[in-house]
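Please read it alongside the sequence and the structure.

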Amino acid sequence: MILHRATADLRSHFHFLRFFCLLCTVAASATTIFACAGMEAARKCSADLGETFASTTCVDAVLQPGNKQLVIALGDDACARARLGATTPDLASSACEMARAKAERAAWIQIETAAEKSTQPNLDLDQLVPGLPKSVAGGSSSGNAAPLSGAQSGLPAPTATTEYLDARFSFRDIPFESPPSRDMRLVEDRGDAKVYVRDSESMTIGNGKLSSVIYQFWKYKLERVTLKTDGDSNNQAMLQVFETTYGPGYRPGGSFSKRLWQGHRASAVYEEDPKSDSAVASVWSNELKQEEEHESANAQH
């Protein structure tokens with residue numbers, strides 16, 4: 001009896017120790033994954049910038065998901081444009097991969113350097129990868145210009161799909177869910193909701209001109225960018241950029257004046273106002289928009 005009880009106690013202790021060790025292993029694995037991600041980012045900063053010790057700001061920039069999505073989008077742009085200059089499918093694939101690698105590396109160096117200097121990175125694709133073919137529409141497809149062109153040349157040439165809307169997840173050089181940049185000026189403060197503008201904003205949209213560009217933040221995270229045009233030629237230029245970038249979209253209720261593009265992470269809308277001969281377009285983060293609507297609805301009850 002005593003031997004049986006002792007054996008049972010030992011078995012119980014063994015199960016407890018095995019469970020405890022399992023918890024320790026899981027916790028250690030999570031810590032290791034987190035630490036490894038930070039170490040990889042530090043090594044990348046050191047290699048890209050030629051520094052012995054990586055700065056915290058650079059490491060944070062490498063780990064930021066918005067920057068990763070922006071670099072991917074720039075790589076996609078570079079790939080699409082590189083394919084235009086190829087004469088065979090094999091050459092097109094090779095040119096695509098080379099352009100993508102150059103664009104992504106150059107973009108990361110710009111982002112990492114800007115993070116250390118607390119400035120905005122220069123993500124103009126024509127400067128990151130000089131010599132890329134022009135887009136189908138005859139213009140530049142620079143990182144700052146596509147989508148929703150800020151360059152003085154024509155339209156971008158990415159794959160026209162809402163998948164690109166999700167992958168880019170930004171407006172020009174500002175990723176969604178990022179804080180206001182230093183070149184932004186606060187023009188409206190409604191507590192958690194704030195509106196900013198950039199005095200240095202490029203007002204070019206494809207082959208047209210923008211009347212205004214405003215940045216709407218929710219709890220200091222970029223939620224939405226709203227663009228306005230006046231005059232039919234400018235309205236159509238803005239619509240053409242959206243269609244070239246995100247596809248034809250769909251017309252809610254068969255509307256001829258409204259288009260909607262619904263992605264998983266981001267969405268966009270274009271709508272004309274025939275009475276004023278103007279148009280308004282917006283691109284936004286789905287998650288932040290839902291968060292704001294949810295909290296606003298709760299505050300009203």
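Rings of Phe, Tyr and Trp (its six-membered ring) count as a pair if their centres lie within 6.5 Å. In this predicted model, Phe242, Tyr246 and Trp261 make up one aromatic cluster.

**Aromatic residues**
- Across the whole structure, a search finds six aromatic pairs.
- One of them is tilted, because the ring centres of Phe242 and Trp261 lie 5.4 Å apart with the planes at 40°.
- This pair links distant parts of the chain, 19 residues apart: Phe242 belongs to helix H7 (residues 232–246) and Trp261 to strand S9 (residues 258–262).
- Tyr246 and Trp261 form an edge-to-face pair, at 6.4 Å centre to centre and 65° between the planes.
- Tyr246 is in helix H7 and Trp261 in strand S9, so their pair ties together parts 15 residues apart in sequence.
- Phe242 is buried at 0% relative accessibility, Trp261 is buried at 1%, and Tyr246 is buried at 4%.
- Arg265 lies over the face of Phe169, 3.8 Å from the ring centre.

**Ser178**
- Ser178 sits in the loop between strand S2 (174–175) and strand S3 (184–190).
- Its relative accessible area is 6%, so Ser178 counts as buried.
- A polar atom of the Ser178 side chain is 2.6 Å from the backbone oxygen of Pro175.
- Leaving aside residues up to four places away in sequence, Ser178 touches Gln64, Phe217, Tyr220, Lys221 and Leu222.

**Confidence**
- The protein chain has a mean pLDDT of 79, and 79% of its residues reach 70 or more.
- Residues 13–28 stay under 50 in pLDDT and have zero contacts beyond four places in sequence.
- Residues 150–159 also stay under 50, but there the model has 42 such contacts.

Conventions. Residues are numbered from 1 along each chain as its sequence is written. This is a predicted model: local features need pLDDT of at least 70, side-chain atom pairs count only at pLDDT 80 or more; totals for chains, interfaces and linings use all residues. Side-chain values use heavy atoms; hydrogens and water are left out. pLDDT is the predictor's confidence in each residue, from 0 to 100. Contact means heavy atoms within 4.5 Å. Helices (H or I, at least four residues) and strands (E, at least two) are DSSP runs, numbered from the N terminus. Buried means under 20% relative accessible area, exposed over 50%, partly exposed in between (1.4 Å probe, protein chains only). A polar contact is a pair of N or O atoms within 3.5 Å; within protein, one must be able to donate a hydrogen and the other to accept it, and residues adjacent in sequence count only if both atoms are side-chain atoms. Rings of Phe, Tyr and Trp (its six-membered ring) pair if their centres lie within 6.5 Å; planes under 30 degrees apart count as stacked, over 60 as edge-to-face and the rest as tilted. A charge sits over a ring if NZ of Lys or CZ of Arg is within 6 Å of the ring centre and within 35 degrees of the ring normal.
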